[in-house]
Amino acid sequence: MSDDNKLDQGGAPRQQTTDRDSTMTTAQGGPIADDQNSLKAGPRGPVLLEDHVMREKIFHFDHERIPERVVHARGYGIHGHFELTEAIPELSCADIFQRVGEKTPTFTRFSTVAGNKGSFDLARDVRGFATKFYTQEGNWDLVGNNIPIFFIQDAIKFPDLVHAVKPAPDRAFPQAQSAHDNFWDFISLSPEAVHMTVWQMSDRAIPRSFRFMEGFGVHTFRLINAEGESHYVKFHWKPRQGLQSVVWNEAVKINGADPDFHRRDMWDAIDAGDFPQWDLGIQVFDDAFADAFEFDILDATKIIPEEQVPVRLIGTLTLDANVDNFFAETEQVAFCTQNIVRGIDHTNDPLLQGRNFSYLDTQIKRLGGPNFTHIPINAPKCPVNHFQQDGHMAMHNPKGRANYEPNSWGEDGGPRENPEIGFASYPDQVQGTKQRVRSESFADHYSQARQFWISQTQTEQRHIAAGYTFELSKCEHAHIRLRMLSHLMNVHDDLAQAVAKGLGVTKMPEAAKPARAPITDLPASDALSILKNGPDSFAGRKLGIYVSDGADADLVAALEKAFTAQGALVAIVAPHITGAELSDGNLKPADQKIDGGPSVLFDAVALVFSEAEGERLAKDKPSKDFVSDAFAHAKFIGWTGAAQPLIKAAGVEAMDEGMIKLTADTVADFIGLCGKLRHWPREAALQA
């Protein structure tokens, strides 16, 4: 072969091989000789229809995209396993709950709800938390969220909710936002949603990471043991990494700096071997509790406080492997609430009942037909035997002549039912008149919203009020803002007054007439607060060290060593991406250039400069933003003396207890401060 033949017509080198195993082929397995040029009638002639290589390649490209999910379109999936730590045969005969120490493969997908696939990660939104357990008796999908309740009580309202929060049909915006008239018009006309909006306006809706948020099954399910005895259950995921969120101004800037912030964070953590873990907890209760509870256990807009029914931890989920291919796994994974196993059953929750229909219908639409379980990410890892056949993309069909049951073909007749280990629904007594009605027991819409509010710290309450103020300020129509205020007056007067003040409302509306009088003496629940359940550790968090030429090399090394030993990630930020030449004469490579690595990407920052560079950087706008944002977002800041000009130029008028001068002797003190994650007194002082 001449040298000329080793170039394509554009002059680029041809990547060729003589190895059969690395030879490019068509989808049918036929080796490809030339993947650079279409088959033509002469060098400048028309492309020939018979070019099956080109047609197959273009055909597949044309069909690469499948319909994105209507909700939860932007997601990120990770492989892992669930290890049982406490067997519960007295509660459930589910195989997954029988043997302590047994590991069950899992696939977990986190997501936002409202935005499309191309939206940003840190929208103010509910986060999906769905886990597929590949158990020995079939797949169990626990399809939940990072908030334990939902907006609506009956699934028939789900299309309205989603239509209201999605971009308006006439203008196709806003994207991945609820701060607009349509959403709040719907919410303010649907009192059942008020409780959920208090959670949505809290910091729960802007988590720092998927790794630092709780997960919930939302609905009440049943656990059924081998004797057929039933208990009610709610499922919880408790992060071992602790809870953490960002503040709103920070979220907005993160979305600009890195719209993939959450997925990058998860990828980097797992790639570094820092595998996140959650404990699976169950709240178990019986009919006596259900009958005595203040609210209906089938109402998905209500929680059961942990003080009334403690969460019992029975196993641990570990996420330890990134996907090999995002489309094949994360995009094609199909979760269905209907996917339960023997020992777990549904209840009559009307939202859950509707989801059981909707999810299956959605997967058939998205993945082309009923055989989506043949896709590897959805395929059970236990034996599968049935008479289902054919259909779009069928990969497996029954063997032999029998494709029906019953049949008389003996051993060749295929699988048979097994009453001993087969799934059996709980024989719940059902009786009633067919009617479209909402149970009176679902009528309290404000009591638990009030309970959530009083359970928050003052810092969290400020954030909730600010969340409502921002969102409602984006509503163009005053009557929608006032109508929402009328509902908040039934939640708590402090909340309503704070939002009214933020909106500039001087005359309060009449309080909305409640369907049922709120209970005003429900006790606070510490479990509902993020700040009361923080990790008190910097493990799994990220320190950004901003260095300049001539910076103290020993101090930089000490910071890296100490924070890494604590299980934290460390990133070097410098004026140039090549890095900075430190005091020892060595070049310290940078992970981020200052204008591409703002402080919003880190949980704490350190400023390590030389005297000469400190004066110069005080005139640099990205450097000033780095410090001013870190200060405004209540982050802990370590600094050397040479950084003082920059700190002053950034508008920091006085140092506070969240800022510490760095020396070899104070690195340990800095780590201790950073374990608190934020210096919240600073935020209160700035807003006073």
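These legends describe close-up views of a predicted model.

**View A. The largest pocket.** The largest pocket has a volume of about 1,600 Å³. It is lined by 45 residues, and those closest to its centre are Pro380, Pro383, Val384, Asn385 and His386. By class, this lining holds 18 nonpolar, 19 polar and 8 charged residues.

**View B. The second largest pocket.** The space in the second largest pocket comes to about 980 Å³. Its lining consists of 29 residues, with Leu298, Asn348, Pro350, Gln435 and Val437 nearest the centre. Helix α9 (residues 350–367) supplies the largest share of the lining, 3 residues. The lining of this second largest pocket divides into 10 nonpolar, 12 polar and 7 charged residues.

**View C. The salt bridge between Asp428 and Arg222****.** The closest N and O atoms of the two residues are 3.4 Å apart. Asp428 lies in the loop between α9 and α10 (447–454) and Arg222 in strand β6 (residues 221–224), so the pair ties together parts that are 206 residues apart in sequence. Asp428 is partly exposed, at 35% relative accessible area, whereas Arg222 is buried, at 6%.

**View D. The salt bridge between Arg99 and Glu102****.** The side chains meet at 2.7 Å, N to O. Arg99 is partly exposed, with a relative accessible area of 31%, and Glu102 is also partly exposed, at 22%.

**View E. The salt bridge between Lys532 and Asp526****.** Here the closest N and O atoms are 3.1 Å apart. Lys532 is partly exposed at 38% relative accessibility, and Asp526 is partly exposed at 44%.

View F. The model has 37 salt bridges.

How values were computed. Residues are numbered from 1 along each chain as its sequence is written. This is a predicted model: local features need pLDDT of at least 70, side-chain atom pairs count only at pLDDT 80 or more; totals for chains, interfaces and linings use all residues. Side-chain values use heavy atoms; hydrogens and water are left out. On a 1 Å grid over the protein atoms alone, a cavity is a set of points where a 1.4 Å probe fits but cannot get out, and a pocket is an open set with protein on both sides within 12 Å along at least five of seven lines; lining residues have an atom within 4 Å of a point. Grid points are joined across faces, edges and corners, and a volume is the space filled by probe spheres set on the points. Ala, Val, Leu, Ile, Met, Phe, Trp, Tyr, Cys and Pro count as nonpolar, Asp, Glu, Lys and Arg as charged, and the others, Gly among them, as polar. Helices (H or I, at least four residues) and strands (E, at least two) are DSSP runs, numbered from the N terminus. A salt bridge is a side-chain nitrogen of Lys or Arg within 4 Å of a carboxyl oxygen of Asp or Glu. Buried means under 20% relative accessible area, exposed over 50%, partly exposed in between (1.4 Å probe, protein chains only).
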